[in-house]
Amino acid sequence: MAKEPILSARDVEIQFSLRGKLLTAIRKCSLDLYEGETLAIVGESGSGKSVFTKSFLGMLDANGKITNGSIMYRGTDISKYTKEKEWRTIRGKKIAMVMQDPMTSLNPLKKVGKQIQESIELNQGIKGAEAKKLAMEMLTKVGIPDPERRYNQYPHEFSGGMRQRVVIAIAVACHPEILICDEPTTALDVTIQAQILNLIRELQRELKMTVVYITHDLGVVANVADRVAVMYAGQIVEYGLVNEIFYDAWHPYTWALLSSLPQLGVKGEPLPTIEGTPPNLFNTIKGDAFAPRNKQALAIDFEEEPPFFKITETHQAKTWYLDPRAPKIEQPKAVKMLRQKMQERG
C-alpha cells in the first residue's frame, strides 16, 4: 500500500436543504484511498455511503452541498469546486462511478455502443470512427461477445448482467484512477454477481485502478476488499483491514452487522436483527449515534461522542468500549465464532 493516499477526505460535512430544514447527511467523515487498493464501505441503507462518495465526483443533488472539511485529490481540494467545468476535469477522467441500477443509468432510447462512445468522446477528446472502435473494444473487454452487433442494440435487448457490464464499460472507458461501484451486484443472481465481481477485479488489475465498493452485502466484502470502512448515521465508525473487521471488530454496530450475516445462521434458530431505527438526521445527534439501539451502551454513549481509538496501525474504532476507563465489554459470541464458521463454510 502506498504511503501517501491518492485521495484524502477530512472532516467532510454534507447538508441537504429539505422543506426549509437542514439535514446533515454526512457528519465530519474522514477517509483515505490508496493506489491500487480495494476499499469496501458498508452500512445500512441511509447511512450515507453513496452521498459521501458522490461528493468525490461533484454528483450531489442540487439541494445538497459540502459545508465543511476537505477532499484532497492529487494535491487539490476538490471540495471547493463549484462549477461543472471544474468537475469535468475529475468526473469520468480521474474518478468514475458504476451506479446501482443499470437500467436507470442507461438511456433506453440510445444504442448501447453509442453511450460508451459518448463517454470516450467527452472525456478523451477522441471522435468519430476511432471513438467507435474503442467503444467496441470496451464491449469485448467487459465480456460482451459480438461487439459489432451489440453496439447497435438498445438496453432493453440486454439481460441485467449484460447491462451492468455496459455500465462498467462506460465507467472505465477513460481509464480512471478511482472506480466507485455503488451496489454493483444488486438484483443479480449469485452466478452473475460472481461474474461481475471477477470482471471488476480483472479490470482493476489491468488498468491499475483503486476500487471503492459501496455495499451492505458482507459476503461481497469478504471476497473483494483489502480494507473496510463501516458507516453509520453519516459517519465512519470503524475501519481496518478486511480480516481485522471480520475477526476482531470492536464497534457495537459492526458487531450487529456481522451477527446478522445470513451465511452464519443456524438452521432452526432465528437470525439476529438490529433492533430500532437509525437516528433522524434533521436533529442534532448527541453522543454515540448507535447508542439507542445498543443494549450494552454505556452512560457516556448518550452524552459524549466517542473519538477514534487505535486498535492496530491499520484498525481504529469510534467507540467508548476501547477507552481504558470503560468497563470490560466482551465481543458477542457470534463475532468470536466468526473465524471458525467462515472456515467451515469455505
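## Strand S6 and its pairing with S7

Strand S6 (residues 95–98) runs parallel to S7, joined by 4 bridges. Two strands count as paired if DSSP finds at least two bridges between them. Val-98 has Cys-181 in S7 as its bridge partner. Strands are DSSP runs of E, at least two residues; helices are runs of H or I, at least four residues; both are numbered from the N terminus.

This is a predicted model: local features need pLDDT of at least 70, side-chain atom pairs count only at pLDDT 80 or more, and totals for chains, interfaces and linings use all residues. Residues are numbered from 1 along each chain as its sequence is written, and side-chain values use heavy atoms, leaving out hydrogens and water.

## S7 and S8

S7 also pairs with strand S8 (residues 210–215), parallel, through 5 bridges. Asp-182 has Ile-214 in S8 as its bridge partner.

Strand S7 (residues 178–182) is largely enclosed by the rest of the structure, because 5 of its 5 residues are buried. Buried means under 20% relative accessible area with a 1.4 Å probe, protein chains only. Side chains in a regular strand alternate between the two faces of the sheet. Ile-178, Ile-180 and Asp-182 are buried on one side of S7, Leu-179 and Cys-181 on the other.

## Helix H7

Helix H7 (residues 160–172) has 13 residues and reaches 19 Å from first C-alpha to last, close to the expected 18 Å. The expected span is 1.5 Å times one less than the number of residues.

H7 is largely enclosed too: 11 of its 13 residues are buried. Among them are Met-162, Val-166 and Ala-169. The cover over the buried residues of H7 includes S6, S7 and H8.

Methods. Buried means under 20% relative accessible area, exposed over 50%, partly exposed in between (1.4 Å probe, protein chains only). Contact means heavy atoms within 4.5 Å.
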